[in-house]
Amino acid sequence: MAKEAEPAIKVEKLTKRYGNLLAVDDISFNVRQGELFALLGPNGAGKTTTVEIIDTIRTPTSGKVTLLGMDVTKKKHDIVPHIGVLPQGFSSFDRITVRETLQYYSRLFCCMNIDIDGLVELVDLKDKAKELYKNLSGGLKQRLGIAIALVNDPEVLFLDEPTTGLDPRARREVWKVLLGLKKKGKTVFLTTHYMEEAELLADTVAIISKGKIITMGSPEALIESNANYLVLTLKPVDEKAVEIVRKMNYEPVHDNHKDITVRVEHTDDVQKILNAIKDAGYPLHSMDVRKPNLEEVFLKLTSAVLRKSKDPAGEVTE
Amino acid sequence: MNPRVVGANLVVRIKSFYREKSTMFFMIAFPIILILVFGALFMNQDNMNFDLCVQDLDQTDSSARLVKTLEIDGKFKVIKIDATISATQYARDNKLNLILTIPKDYEGSFLQRVALNDPDASVTLTYLYDPSSISVSMKMQILNSVFAGINQKMSGKPPFIRSAETSILARKYRFIEFFIPGIIAMSVMTLSLFGTVNVNTELRQKGVIRKLSTTPITRTDWILSNILYQFILAVLSTMAMLVVSYAVFNVSLQINAWLPVFIVLDVFAFVGIGMILTRFAKEAESAAAAANAISFPMMFLSGSFFPLEMMPGFMQAVARILPLYYVNEGLRASMVFNDHMAALRYSAIIGVFAAVVFILGIIATKWEEGQ
């Protein structure tokens, strides 16, 4: 078993090809024990392939993955009892109830003493325990999937896009469960393309694009190091105010709600813009200045990779 | 292999089946409806009559009595052939598949046996037959059982044999009795084939198999529980069919150890084919279409519904290459004719086939996403 100081997951030079398609391109990273690690990326970036190699569903083309000190390609049967997996697009037997499904999976792990009621309560499915799987809503199905991933009390939990396709309320319900697991000290490996999810839940975020990890760190550190600007949002009474900002050599974005969004480098710039609008005689309804969020960092980095791949000789300018 | 895991999987499959009422209907009620409908349709066609050409070279009272016995006990429609012509030529000219020849000294041997009690006296009846014809074996089976009855009668064996002999002699080959083994074979085939294809492709498409591959359940556990599940369904379905057949049509069938043997072989053969189809079909729909493409022609061409004699010659030849034919004929040999040797022969053929496709099915079953 892995020592305390050892990472729970160690990925070294991992590559996966499907014929001519290079899905994962020589990536390396570690996941510490007890942390919630989020792998962020656009669709087709290689998130699911990466997580499915680590959680033993797929085999790598090359590279080495060690999970709890064991090689995933050689020790699948030793690893499986220690991990819980919610695969992407999770589904279960339609005509089996919530409780029966949990009993079934606990029997597969031969965990006869598992507290099924405790698990049902953990994911807040007590009222639905006797409901057939097919009658559950999307959010409830995902919560059951998480409960299934916990039947063997795993040391490491893999959740592949657990909130995709859920409405905002259902997503928040899943987040609540994940925060509970984090408090319990479980190592959680999460893949998602929801930035706010990663920002809210993750200790470490790795952004993957076109099979490569382009940056990695805590959400705060990523924002700090990749986005040294402020976002100024103005709601002027007169739309002509946008022209004033444009003439000052900024690049304002004028959206459908008549808001003007401007990226500025310093608080001095904010003052300058406010003064110019005031001097022109355009009053403001409201204004807001904030730091950029992870989504903006993500868009900046992934679009830079996209541009670079289209023009391999070109430099990343942002 | 972990029995607890296999058991857990079996319970889930049985519960899913029990809760899916439309599947229940098609798997259990449908074959029963077929039996009731066909049974009622052919109720009046009570006796199966086969034509039998007989060349009586003896032309005596004894040989005439033998011919009469064949008509009564074997339910044959006897066509007498002139004793002076060549039977072989006659069979060729008239495209006959079987001519029974009674030798010239039949009455002499018969009297020697009966009047003089000479146990060595015997007579050899010749089956002049076309080995490429499938229905000929059925006729020969009936002839054998009639002759076995006559032999038993002449040798004066103890009464228990006499009663068995009587039941054979009194045997009426009703259409429904040919039909039921065929329907059992067909329903076990469809249960096993569609059960495997539908469940496996659906679970694979929905990602349940992917999830299961991250648990300790192995491919062996999964296949074993599937086989057990299909076997339980096949036994339930067969029992339901037999109960209805006995209750409604008062059939007379031999239920012996061959019945479970053929059910097991039928299950293995078609679960094997199902596993192969699951591997190569991309989606549930195409797998079901492939299963239909295999099972439908098999149902009609392998003699499940009708004795093959009713079919044209080339279709009879096609039947011989179909696995279901051997289950049909094996079940008929054991349940209708009580012919253990024939049942053994058919079980050996379908057994080899089942073993081959089942092994291929295991190899084809994809458990991990792999490369």
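Predicted model: local features only at pLDDT ≥ 70, side-chain atom pairs only at ≥ 80, totals over all residues.
Me: How many helices and strands does the secondary structure of chain B come to?
Reply: Chain B has 371 residues, of which 41% count as buried. Its secondary structure comes to 15 helices and four strands.

Me: Which strands are the edge strands of the open sheet in chain B?
Reply: Four strands of chain B form an open sheet with mixed pairing, in the order E2-E1-E3-E4. An edge strand pairs on one side only. In chain B the edge strands are E2 (76-81) and E4 (126-129).

Me: In which sense do strand E1 and strand E3 of chain B pair?
Reply: Strands of a sheet pair through backbone hydrogen bonds, either parallel or antiparallel. Strand E1 (residues 50-56) and strand E3 (residues 98-102) of chain B pair over four bridges, and Gln55(B) stands opposite Thr101(B) in E3(B). The sense of the pairing of E1 and E3 in chain B is parallel.

Me: Which strands of the sheet does helix H3 of chain B touch?
Reply: Helix H3 of chain B covers residues 61-73 and packs on the sheet. Its direction makes about 145° with that of E2(B). The strands of chain B that H3 touches are E1, E2 and E3.

Me: How many residues of the contact of H10(B) with H11(B) are nonpolar?
Reply: H10(B) passes H11(B) in a right-handed crossing. The residues in contact include Ile227(B) and Phe231(B) of H10(B), and Val264(B) and Val267(B) of H11(B). By class, there are no charged residues and three polar ones, while the number of nonpolar residues is eight.

Me: Which element gives the most to the side of chain A that touches chain B?
Reply: The contact takes 25 residues from chain A and 22 residues from chain B. On the side of chain A, the elements that give two or more residues are strand E6 (83-86) and helix H3 (98-108). By class, this side has 14 nonpolar, five polar and six charged residues. With five residues, the element that gives the most is H3(A).

Technical notes
Residues numbered from 1 in each chain as written. Chains lettered and ligands numbered in written order. Pairing = 2+ DSSP bridges. Contact = placed C-beta atoms within 7 Å. Axes fitted to C-alpha atoms, helices over the stretch in contact; angles between N-to-C directions. Left-handed = near helix turned anticlockwise from the far one by under 90°. Nonpolar A, V, L, I, M, F, W, Y, C, P; charged D, E, K, R; others polar. Buried ≥ 20, exposed ≤ 12 C-beta atoms within 10 Å, placed from the backbone.
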